[in-house]
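My entries are below, in the order I made them.

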Amino acid sequence: MKPIVLADLMNILEYEKVRNEYRSELMDYKKNRRISLGPNITITFENRKTMKFQIQEMIRAERMVHDRQIQEEIDVYNSLLPLENGLSATLFIEITDKTKIRPVLNQFIGLTNGETIFFEIGDQKVLAEFETGREESDKISSVHYIQFNFGPRLQTDFIDHSENVKLVIDYNDYAYEALLNSEMRQSLSEDLLSS
């Protein structure tokens, strides 16, 4: 997927003028890119459009005006874009009860190792590869960046709709799956075609 460059972004003043409409469009767009797996896991698929929004929001929040600062943000978010024949996503471990944050998070220690999250395309699997550094032996982050590398054949199977596609989590006692609907598949297929 083509990297984001400085020229793709608005400065703070330009962004402020269009932010409400821009955010509303982006939230609408993300509806077909977000999927829940059980009560605690939500996965949102990322691409240039979603990452540009994240960068614009960071520029706004941090009041960044210098190209060097903005380029540092661009570099971070570009590293999270989908690779060739792949998809990328942000995985959130969501806990609504503040008193249960630590106990629930602790249940997911080890999630980043092994075949815990994957796409199932017919009888084939495409495993999630987790960004390193977000889990230790005694703690885990609530936010993770993951990549799915389909390769050419499975990418074709995903795009041509000849097989059902499920997103699955199977970790200890936490096992859920979701069948991708046609709108989500179309949105993610566009990512695969542009990578």
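**Ground rules**

I am working from a predicted model, in which local features need pLDDT of at least 70, side-chain atom pairs count only at pLDDT 80 or more, and totals for chains, interfaces and linings use all residues. Residues are numbered from 1 along each chain as its sequence is written, and side-chain values use heavy atoms, with hydrogens and water left out.

**Entry 1**

I took helices (H or I, at least four residues) and strands (E, at least two) as DSSP runs, numbered from the N terminus. Two packed helices are described by the angle between their axes and the distance between the axes. The axes are lines fitted to C-alpha atoms, for helices over the stretch in contact, and the angles run from 0 to 180 degrees between N-to-C directions.

I looked up α1 (residues 12-30) against α2 (residues 48-62): their axes come within 10 Å and cross at roughly 140 degrees. Angles under 35 degrees count as roughly parallel, over 145 as roughly antiparallel, 65 to 115 as roughly perpendicular and the rest as oblique. The α1 and α2 pair is therefore oblique. I noted the crossing of α1 with α2 as left-handed, meaning that the near helix is turned anticlockwise from the far one by less than a right angle; clockwise would be right-handed.

Next I listed the contact, which means heavy atoms within 4.5 Å. On the α1 side I found I12, Y15, E16, R19, Y22, R23, L26, M27, Y29 and K30; on the α2 side, K49, T50, K52, F53, Q54, Q56, E57, I59 and R60. By class, the contact of α1 with α2 has eight nonpolar, three polar and eight charged residues. Here Ala, Val, Leu, Ile, Met, Phe, Trp, Tyr, Cys and Pro count as nonpolar, Asp, Glu, Lys and Arg as charged, and the others, Gly among them, as polar.

**Entry 1: helices α5 and α6**

The crossing of α5 and α6 is left-handed. Q155, D157, F158 and I159 of α5 make the contact with R185, L188, S189, L192 and L193 of α6. I sorted the residues of this α5 and α6 contact into five nonpolar, two polar and two charged.

**Entry 2: cores**

In soluble globular proteins, nonpolar side chains tend to be buried together. I used "nonpolar core" for a set of buried Ala, Val, Leu, Ile, Met, Phe, Trp, Tyr and Cys residues joined through side-chain atoms within 4.5 Å. Buried means under 20% relative accessible area, exposed over 50%, and partly exposed in between (1.4 Å probe, protein chains only).

The largest nonpolar core has 35 residues, and those with the most contacts inside it are I43, F45, I117, F119, F148, F150 and L167. A second, separate core of 13 residues includes I4, M51, I59 and M64.

I found H144 in strand β8 (residues 143-149). H144 is buried, at a relative accessible area of 1%. Not counting residues up to four places away in sequence, H144 touches A89, T90, L91, I93, T112, F130 and R134. From H144 to F130 I read 14 residues in sequence and 6.9 Å in space, C-alpha to C-alpha.

T116 sits in the loop between α4 (101-107) and β4 (117-121). With a relative accessible area of 5%, T116 is buried. Leaving aside neighbours within four places in sequence, I found T116 in contact with L111, F130, V168, I169, D170 and Y171.

**Entry 3: loop residues**

Which residues touch V65, not counting those up to four places away in sequence? They are I12 and I70. V65 lies in the loop between α2 and α3 (67-78) and counts as exposed at 57% relative accessibility.

Most residues other than glycine have a negative phi. I noted a positive phi of about 60 degrees at H161, which is not a glycine. H161 is in the loop between α5 and β9 (165-171) and is partly exposed, with a relative accessible area of 38%. I also noted N172, not a glycine, with a positive phi of about 50 degrees. N172 lies in the loop between β9 and β10 (174-179) and counts as exposed at 60% relative accessibility.
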